[in-house]
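Hello,

Here is the structure I said I would pass on. My notes follow below it.

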Amino acid sequence: MSLTGSSKALLRAVERNAWVCRDCRDCLRRSRVLAKPAAPRNAYSTSIVRSNTGAAQHAFSRLTTISRTFATTRRRLDSSRRAPKLPDKAARTRFAPSPTGYLHIGGLRTALFSYLLAKRTGGQFILRIEDTDQKRLVADAEKRLYEDLQWAGLQWDEGPQVGGPHGPYKQSERTAIYQKHADELLEKGAAYRCFCTAQQSEQARVVYSTSSCYQDCASLPVEQSVERSEDKNEPFTVRLKHDTKAKKQDYPDLVYGKIVPLKRGAAAEPSDDSDSIVDATDTILIKSDGTPTYHFANVVDDHLMQITHVIRGAEWMASSPLHYDLYRAFGWTPPEFAHVGLLVDQNKAKLSKRNADLALDVQSMREEHGVLPETLVNYLALLGWSNPLQNDVLTLDGLVENFDLKFTKGNTMVRMEKLWYLQKQHVARLCEQVKRTGNKEPLALVAAQMSWAILARWPEILEDERFPSGIALLYYCVDILLADSKSYQTPKQYVDRNRYFIEFDAVHVPATPEKYGCTVDGQDVVVGGEDVKMAVEEMMGKDFRQHVPGISNGGATQSDGASAIIHAGIQQQMARTVAAEVNSLDGNEAEQSIHRRQKAWNTAIMRYLREKLSYGLPGPSIGDLMALLGYKECCKRLGVEAKGGGGW
């Protein structure tokens, strides 16, 4: 059944807005356009009015002739937009960093993708340390690597510190294993001993880490090769024998389809990264000092550790044909490879370890800039992965639940704006969780970062009677977060925004204006500045709880109840003041005047309090502000004597 123009338009509406009435839905199903019925989420009513020709017309009406319910399937933010791309069995993945430097966000992203795939499929995530390049090792890089991964929540199932059935998990402790497998290839004739020494190339700039075999060592008889290596102790390397008669091989990739191998030949530029170098001729597997090359150890370890899926950066695509050739030489089944695009800056250059805005190694981001683990994990997951949800704010559990192997092709540009947006959203989410449960523990890390920023800026703050200890300051930071939950980006930024909670300097307080004015119902209404000051002084001398019955000083947070009492007290003071002003009026004139004066007084008092208490800066509500500052501190800033019976 072919679709008419109107049916096609309806189909587009279904795909875009995910709703259709049941009659039309059934029609589309019969034409095999909609494969499955969608479970209705809400039931609405519409009337179907039939014309004389029998054609159905849709109209919403209060008068219903024939009642039909809509099968509404409007997509929620947490519902997937597509079927997941996943393996049909549990995946064993690995993250295999080299401790030659500190963990960069690109490396953490690779670890994250591998972790998410393993957890989504019910598999295992393995950590392996590839430390064969002993000359380039950084002393504390391995220790920091463990700390960074655990901080991000990426706990490995097998690897250093936790062990496992396929250890050891450090390549420097697996030399005998590599030698055994090199001997296996020698016996099979898939590799040979090369006795050539390194020579300087005639080219000025080459990328080879070692020279090619210029003595045709592959043609040496086996007996002669063994004699030279064992009896004469001649130094040699073990090279993979290139099979010139082999048929053209496929090199599949889960992201790019098929990998096209590079032509064998010298490149124009040298590389300092020996791990990524592939020789133009037969590749060296074992160096002359007996240590394995990166590529050989990588393939052997992945096979012995039963890795099923390898997720790595696109820079390794050039090495993939070599890895596939090694698997074929051993007769092993290779894992499935997924190469994800590189992270690039706004100039489309490969991301360096220090961006113009901030350092991009994991420890610097969390210690210098206060990035939360859930923020960084969420941010990195969105760099190159095609999120099936409409909502980008995801916890680690949410990422595990929705992750799949749908990656975008090409490089991904890193924009810090998204990081700070997610930071703000995650802090707001944690604040809502605390308000809902009453348990302040989820905000402990954020509050600790705030307190460190405060102590760095005002080291004498613990001498203030409001903060008798560091713990008191920590809990105070939690209360500030709960009052101003949607403005947090970094500790320094947030502390600066809310600095008036900690430090007060009367020099920055705006002068009281002669009058406060506002427009109500098209009329300009004015309240005198001195009148506002006197009203506030009168209000601060009263017991807010006594004059506002029915509200308890309690709530989900420390300041919730006090905030409600303060707001009610302000409204009561304003009502008393306005009533005194219009006492001489009566009837309709008095009612209209009361309305206008209440609006004017509300604006004036709120503005006066914000100017005197927080320099006029934006922030939490006046009730929350005063509750957090406390009665004595508010009186001090307002220039009012604190009375024993006053306050909230």
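**Charges over rings**

R228 lies over the face of F195, 4.3 Å from the ring centre. R144 has its charged end over the ring of Y102, at 3.4 Å from the centre. A charge counts as over a ring if NZ of Lys or CZ of Arg is within 6 Å of the ring centre and within 35 degrees of the ring normal.

The model is predicted: local features need pLDDT of at least 70 and side-chain atom pairs pLDDT 80 or more, while totals for chains, interfaces and linings use all residues. Residues are numbered from 1 along each chain as its sequence is written, and side-chain values use heavy atoms, with hydrogens and water left out.

**Aromatic pairs**

There are 20 aromatic pairs in the structure. Rings of Phe, Tyr and Trp (its six-membered ring) pair if their centres lie within 6.5 Å; planes under 30 degrees apart are stacked, over 60 edge-to-face and the rest tilted. One of the pairs is W385 with F403, which is tilted, with 5.5 Å between centres and 35 degrees between the planes. W385 is in the loop between α10 (373-381) and α11 (396-402), and F403 in the loop between α11 and β15 (412-413), so the pair ties together parts 18 residues apart in sequence. Helices (H or I, at least four residues) and strands (E, at least two) are DSSP runs, numbered from the N terminus. W385 is buried, at 3% relative accessible area, and F403 is buried at 0%; buried means under 20%, exposed over 50%, partly exposed in between (1.4 Å probe, protein chains only). F113, W385, F403 and F407 form one aromatic cluster.

Regards
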